[in-house]
Amino acid sequence: MTSLNDLPLRDDLRGREPYGAPQLDVPYALNTNENPYPPSEHLVKALGEAVMDVAAGLNRYPDRDAVALRTDLAAYLDTDTPGAGLTWERVWAANGSNEIIQQILQAFGGPGRTALGFEPSYSMHPIITAVSGTRWVNAFRDEDFGLEPERAVAAVAEYRPDVVFLTSPNNPTGTALPLAAIEAVLEAAPGMVVVDEAYAEFRREGTPSALTLLAGNPRLIVTRTMSKAFAMAGTRLGYLAADPAVIEALLLVRMPYHLSSVTQAVARTALAHGEELLGGVAALRRERDDLVAWLRGEGYRVADSDANFVLFGTFENRRRVWEGLLERGVLIREVGPPEWLRVSVGAPEEMAAFRTALREACEAAAPGAGTAGNSAGDNEESL
């Protein structure tokens, strides 16, 4: 049998592992930050009709520039962040936010160029950076998972990156960045600044979006997705807002007809039913805040979260706790700093199952030790 080692693979790809969160058949899957609320029967019917409308023309290529979809996305962003003043010329869409990131790196990164991020953060940023032939530099976040402007500016000054990634709310920690940190990076960075706002709709009241900084900042890119708040993970639709010149640059690297007619139709239908789809966001925020309070009451350290997930710890052996949860039908994520775990916020019954399973798993992992603060107590860790 031929193995990977027998193929003329790029040297910089050898030894790498493909990205992927566990996909296991469990009663409670709380590991990929999905929205737990499926589309209603009414919306399912509307989605089916939209696909039927385009099905008769699938022998033809789709709208290459997805103008109608981008118009709808611009209108939504103007509603989400009043005053952003976006038009379709300032919005771009692709197959998930990961393709958006890939296109950005193809246009502004590449061999001989550098991308900078502040980990722990979204694990696909360094992966896509490496695949694009760009050098990745990690400058680390603060110990509370925030990012002080001074630390960010110092890293930018040291590495002079061509692309800077700022994730707000951050994954896997859930922390949002203050605009002051983003503005400081924009002023210091010599290249493009990408603010990944995949979880923006879940941010707490009063937390601003980087969309408010677009005017007068042509090197700023704000990325979003329909996978989370819109509960459309299966649609694979990511998008960004930026200066029209940025979109011109991305046109140079995008694949021809990269968004299918079906994808465009489904995404537009979802946007048209946005009020229904986004109706679950408020409930998920409440569940998140209740979960944070409960975990802290149990003695855990918990990162402040503006997303639909919670990072908590600390554990001497998080693997044992993770396995204990899995044995009880609850799948969460081993990700981020080594002593922490991340759980997606689900529906009330899912959260109840998680609470019960966590208590039992911790008792099994450390008999007689009580609940958490648990195995690792309140020791501060170096990140």
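**Exercise 1. How many residue pairs are in polar contact across the interface of domain 1 and domain 2?**

Before we start: this is a predicted model, in which local features need pLDDT of at least 70 and side-chain atom pairs count only at pLDDT 80 or more, while totals for chains, interfaces and linings use all residues. Residues are numbered from 1 along each chain as its sequence is written, and side-chain values use heavy atoms, with hydrogens and water left out.

*Step 1.* The rule finds 11 residue pairs across the interface, both residues at pLDDT 80 or more.

*Step 2.* See which elements of domain 1 touch domain 2. Helix H10 (281–297), strand E10 (309–313) and strand E12 (340–344) each supply at least two residues; helices (H or I, at least four residues) and strands (E, at least two) are DSSP runs, numbered from the N terminus. H10 gives the largest share, 4 residues.

**Exercise 2. Find the salt bridge across the interface of domain 1 and domain 2.**

*Step 1.* Look for a side-chain nitrogen of Lys or Arg within 4 Å of a carboxyl oxygen of Asp or Glu. The structure holds 18 such salt bridges, and 1 is found across this interface.

*Step 2.* Go to arginine 204 and aspartate 306, which form a salt bridge with their closest N and O atoms 3.0 Å apart.

*Step 3.* Compare with another pair, arginine 224 and aspartate 80, whose closest N and O atoms are 2.9 Å apart. Arginine 224 lies in strand E7 (residues 220–225) and aspartate 80 in helix H2 (residues 67–80), so this pair ties together parts that are 144 residues apart in sequence.

**Exercise 3. Locate two cis peptide bonds and a positive phi.**

*Step 1.* Recall the background: most residues other than glycine have a negative phi, and most peptide bonds are trans.

*Step 2.* Serine 168 and proline 169 are joined by a cis bond with omega about -5°; proline 169 sits in the loop between strand E5 (163–167) and helix H6 (179–188).

*Step 3.* From glycine 313 to threonine 314 the bond is also cis, omega being near -5°. Threonine 314 is in the loop between E10 and helix H11 (318–327).

*Step 4.* Arginine 236 has a positive phi of about 60°, and is found in the loop between E7 and strand E8 (238–242).

Key
A polar contact is a pair of N or O atoms within 3.5 Å; within protein, one must be able to donate a hydrogen and the other to accept it, and residues adjacent in sequence count only if both atoms are side-chain atoms.
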